[in-house]
Amino acid sequence: MRDLETDLEELRESYTSGKTKEASWRKSQLNGLLTLLKEKEKDIFNALEHDLGKHYAEAYRDEVGTLTKSVNLALSSLKDWMAVKKAKLPLPAFPSTAKVFPEPLGVVLIFSTWNFPFGLSLEPLIGAVAAGNAVVLKPSELAPASSSFLATNISTYLDKKAVKVIEGGQVVGEHLLSYKWDKIFFTGSTRVARAVLTAAVKHITPVTLELGGKCPAIFDSFSSSWDKEMVIKRVLGGKFGTCAGQACIGIDYILVQEGYAPTLVELLKNGTVKMFGENPKETKSMARIINKQHFSRLKNLLDDPSVKSCIVHGGGMDEHNLFIEPTILMNPPLEASIMTDEIFGPLLPIITLKKIEDSIGFINSRPKPLAIYAFTRNETLQKRIVSETSSGSVTFNDAVIQYAADTVPFGGVGESGFGSYHGKFSFDAFTHEKPILSRAMISEFWFRFPPWNDNKLALTKKAYSFDYFGFVLVLLGLKK
């Protein structure tokens with residue numbers, strides 16, 4: 001096993017030297033990432049094709065493109081993000097000043113996962129180095145080509161004494177968790193997240209958890225053919241077109257009013273053929289399943305007789321090539337694993353309800369999802385979804401697009417995780433906002449010190465309520 005003690009010692013030396021805090025170092029690391037993404041674009045495509053069968057257009061849309069955008073934003077915003085911000089103080093604190101100083105946390109650990117092995121590795125890394133931290137990145141061993149690429153190239157394009165990639169499986173991960181870190185950023189399953197939290201407790205280490213869950217899509221009725229075509233594309237893209245459904249923010253299942261369900265099924269069937277072809281495997285527009293273990297897991301979900309009978313489209317599987325075609329199911333049993341576990345694959349259950357408004361109660365009866373999608377023009381329903389449900393995010397009339405937005409936080413709530421990142425929020429995730437106060441010696445508020453009396457209490461009450469006129473009256477003895 002790699003000598004982690006030596007690696008961590010070098011990282012801490014780099015951080016304590018102060019170089020990672022300098023704007024010049026932060027910019028050099030961000031520029032290094034930008035150069036890597038540009039010069040090694042084809043190698044990244046090849047790694048993603050090898051690990052997941054991703055088409056290079058999908059690879060650019062979901063990984064290289066979003067990362068390039070994020071690095072450019074960090075470079076253009078770094079001066080502002082690093083700036084010390086003035087803070088207001090109330091008049092009773094005069095003469096004094098306050099400011100907020102953003103300081104890096106220190107040496108941080110990032111665990112990424114396999115479905116977006118570049119995006120989910122480098123997106124938090126951008127925030128970590130922009131914030132001035134030394135970093136260990138542990139990519140997923142389930143995407144070996146991508147992991148190997150990161151280990152080989154990060155050390156070439158970035159400062160290898162302050163940013164390190166450490167490869168390995170569960171044993172390496174557990175070994176890393178045994179050390180003290182200034183922050184752990186984890187993306188992955190709830191099961192592993194529990195182990196991360198348990199390890200973090202030992203050193204009281206702050207943690208960001210980016211998890212997942214069963215993200216529902218509420219589908220209201222649409223009358224316009226234009227609306228129907230548009231929303232069906234967005235549903236299919238948000239399910240099958242995003243790593244073949246192996247995405248934490250992908251649509252997990254659809255909720256629809258029972259009277260509209262037959263129309264929806266036909267729209268989805270026709271839309272699937274248009275988007276992915278009669279033989280989706282041959283069009284290469286869908287990724288494949290990551291490995292045999294996950295293929296078997298998905299196969300077992302469908303092999304349940306009570307579930308298999310609910311298939312209305314698709315269901316074909318090619319175990320040798322780890323490919324599952326887009327599969328649509330109608331009303332599988334709610335107690336079946338396909339409706340209790342996160343699917344994480346190209347299987348799309350449709351659940352019918354008496355009224356579309358019943359979707360709110362259905363969602364609230366289950367763990368809080370990472371995202372809720374609602375395809376509806378009903379503004380009353382939209383308002384109710386926002387106010388009566390809890391989720392990492394809500395998106396109306398589209399799916400997955402929140403991942404690419406830099407101006408809103410990306411993260412979960414409850415069992416779907418806690419903490420957020422993307423854009424400035426990535427910088428904040430690896431930053432401590434340190435308040436700095438300074439007081440002059442010109443005057444003093446004597447009433448804040450013992451010995452106590454009623455007059456001091458009255459003055460303190462007026463000061464805390466910012467009742468300056470009343471304060472003067474008490475001070476002059478004109479008011480008790």
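Predicted model: local features only at pLDDT ≥ 70, side-chain atom pairs only at ≥ 80, totals over all residues.

**Stop 1**

Now widen the selection. The pair belongs to an open sheet of 7 strands, ordered E10-E13-E14-E9-E8-E15-E16, with mixed pairing. Which strands stand at its edges? They are strand E10 (311-313) and strand E16 (394-396); each has a single partner strand, so one side of each is left without a neighbour in the sheet. Look along the sheet for the twist, which averages 25 degrees from one strand to the next.

**Stop 2: the three-stranded sheet**

Next up is another open sheet, this one of 3 strands in the order E1-E2-E20, paired antiparallel. Strand E1 (85-87) and strand E20 (431-439) are the edge strands, each pairing on one side only. Neighbouring strands here are turned by 30 degrees against each other on average, direction ignored.

Zoom in on strand E2 (residues 96-104) beside E20: the two run antiparallel, with 9 bridges joining them. For a landmark, pick Lys99, which stands opposite Ile436 in E20.

**Stop 3**

To centre the view, select Pro92, Ala93, Phe445, Phe447 and Ala463, which lie nearest the pocket's centre among its 20 lining residues. Colour the lining by residue class and you get 15 nonpolar, 3 polar and 2 charged.

**Stop 4**

Most residues other than glycine have a negative phi, and most peptide bonds are trans. Here are two spots to check against that.

Go to the loop between E20 and H18, where Pro451 has its place. The peptide bond from Pro450 to Pro451 is cis, with omega near 5 degrees.

Then jump to Lys284, in the loop between helix H11 (280-283) and helix H12 (292-303). Its phi is near 60 degrees, a positive value in a residue other than glycine.

**Stop 5: two helix pairs**

Select helix H2 (residues 23-39) and helix H5 (residues 119-130), which pack at an angle of about 155 degrees with their axes 8 Å apart. H2 and H5 are therefore roughly antiparallel to each other. Show side chains for the contact: H2 brings Trp25, Arg26, Gln29, Leu30, Leu33 and Leu37, while H5 brings Leu122, Leu125, Ile126, Val129 and Ala130. By class, the residues of this H2–H5 contact are 9 nonpolar, 1 polar and 1 charged.

Last, select helix H3 (residues 41-52) and helix H6 (residues 144-157), whose axes come within 7 Å and cross at roughly 150 degrees. How are they oriented, roughly parallel or roughly antiparallel? With the cut-off for antiparallel set at over 145 degrees, H3 and H6 are therefore roughly antiparallel to each other. On the H3 side, display Asp43, Ile44, Ala47, Leu48, His50 and Asp51; they meet Pro144, Ala145, Ser146 and Phe149 in H6. The residues of the contact of H3 with H6 divide into 6 nonpolar, 2 polar and 2 charged.

Methods
Residues numbered from 1 in each chain as written. Heavy atoms only, no water. Pairing = 2+ DSSP bridges. Helix = DSSP H or I, 4+ residues; strand = E, 2+ residues; numbered from the N terminus. Axes fitted to C-alpha atoms, helices over the stretch in contact; angles between N-to-C directions. Parallel < 35°, antiparallel > 145°, perpendicular 65-115°, else oblique. Contact = heavy atoms within 4.5 Å. Nonpolar A, V, L, I, M, F, W, Y, C, P; charged D, E, K, R; others polar. 1 Å grid on protein atoms, 1.4 Å probe; cavity = no way out; pocket = protein on both sides within 12 Å on 5 of 7 lines; lining within 4 Å.
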